[in-house]
Amino acid sequence: MSQRFEGTDNYVVTDDLKVAVNAAIALERPLLIKGEPGTGKTVLAEEISRALGAPLITWHVKSTTKAVQGLYEYDAVSRLRDSQLGEERVKDVRNYIRKGKLWEAFEAPVRPVLLIDEIDKADIEFPNDLLQELDRMEFFVYETNETIKAAVRPIIIITSNNEKELPDAFLRRCFFHYISFPDAETMNEIVEVHYPGIKQKLVSEALRIFYDMRKVPGLKKKPSTSELLDWLKLLMVEDVGVEVLSESDPTKLIPPLHGALLKNEQDVHLFERLAFLARRDTVLRPGQ
């Protein structure tokens, strides 16, 4: 049965992203998704899982993660300890093998969605070490002398924040898509999905401030979609009026509740400095 992703009620999907997802499913290749943080890369896998009624298996990659952990881990230390204690379970080595996320995906009775999240956080050899397993959809377990083979090829979504360049050999095996940062129109749709019936004047002013902030030169971390949604929620909870957001005073450059948007002290200081310069200019040129 063919599986096609058409988006969901909870996730605004652009036509080009829809094409990329369905191409990867048809080609049975991993879909490598890049884009700046907060553009919905991880959520995409969750929504594909929901839309296709497929189980989701998530492998969160860290800087210390090794590729072999996705296959399995053999706990030799526990087995040695149990043998010293005369435990009966020592006789079966399977008691000391912990299945990894790839093993889980290969054993799934129905086609799952496997999310390998933030692959660029790991060592540069990590993607290369997975090439054979992702190609052949099988791996060998030396301790039990058996081959684990995928019952059905999983839909594999791999995300990257571009922290490291990925090896060419790995890239050749993937279908690639870059999620561009949403324009104001798409962002409006995303906001409406999360906050149905929200006042359009509030959204309009909030989006104007949000995109202006993203344009400020020297910003260390541009506010993302998820941070905009948090900020809008706070604006509604605190009942901040549109008139406060539409304040035209250049000396008030930092918006209310800016802690939802600015995530480090350098960026807060940058806006404070810009506000100071604006105040100084106002004092030097009164009446203008």
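Student: Which strands does helix α1 lie across, and at about what angle does α1 run to β9?

Tutor: Good place to begin! In this predicted model, helix α1 covers residues 15–27 and lies across β1 (31–34), β8 and β9.

Student: In what order do the five strands of the open sheet stand?

Tutor: The sheet is open and its pairing is parallel. From one strand to the next, the twist averages 20°. Read across the sheet, the order is β2-β5-β8-β1-β9.

Student: Which strands stand at the edges, and why is one side of each left without a neighbour?

Tutor: A strand at the edge has a single partner strand, so one of its sides has no neighbour in the sheet. The strands in that position are β2 (56–60) and β9 (175–178).

Student: Which residue of β8 is the bridge partner of V113?

Tutor: Let's look at the two strands together. Strand β5 spans residues 113–117 and β8 spans residues 155–160; they run parallel and are joined by four bridges. In β8, the partner of V113 is I155.

Student: What residue in β7 does F139 stand opposite?

Tutor: Here the pairing is antiparallel: β6 (residues 138–141) and β7 are joined over four bridges. The two strands form a hairpin with four residues between them, and N145 in the turn has a positive phi of about 60°. Opposite F139 you will find I148.

Student: Which residue meets K18 in a salt bridge, and what parts does the pair tie together?

Tutor: Side chains of opposite charge can pair when their charged atoms come close. For K18, the N to O distance is 3.9 Å. K18 lies in helix α1 and its partner in the segment before α1, so the pair ties together parts that are 12 residues apart in sequence. That partner is E6.

Student: Is K18 buried or exposed?

Tutor: Use the cut-off: buried means under 20% relative accessible area. E6 has 47%, so E6 counts as partly exposed. K18 has 19%, so K18 counts as buried.

Student: How far apart are the closest N and O atoms of R89 and D82?

Tutor: These two residues form a salt bridge. R89 is partly exposed, with a relative accessible area of 38%, whereas D82 is buried at 7%. Their closest N and O atoms are 3.1 Å apart.

Student: How many residues apart are E146 and R94?

Tutor: Their side chains meet in a salt bridge, 3.9 Å from N to O. E146 sits in strand β7 (residues 146–149), and R94 sits in the loop between α4 (76–84) and β4 (97–99). This pair links distant parts of the chain, and the separation is 52 residues.

Student: In what kind of crossing does α9 pass α10?

Tutor: The contact includes M187 and V191 of α9, with L207 and F210 among the residues of α10. As for its hand, the crossing is right-handed.

Notes: Residues are numbered from 1 along each chain as its sequence is written. This is a predicted model: local features need pLDDT of at least 70, side-chain atom pairs count only at pLDDT 80 or more; totals for chains, interfaces and linings use all residues. Side-chain values use heavy atoms; hydrogens and water are left out. Two strands pair if DSSP finds at least two bridges between them. Axes are lines fitted to C-alpha atoms, for helices over the stretch in contact, and angles run from 0 to 180 degrees between N-to-C directions. Contact means heavy atoms within 4.5 Å. A salt bridge is a side-chain nitrogen of Lys or Arg within 4 Å of a carboxyl oxygen of Asp or Glu. Buried means under 20% relative accessible area, exposed over 50%, partly exposed in between (1.4 Å probe, protein chains only). A crossing is left-handed if the near helix is turned anticlockwise from the far one by less than a right angle, and right-handed if clockwise.
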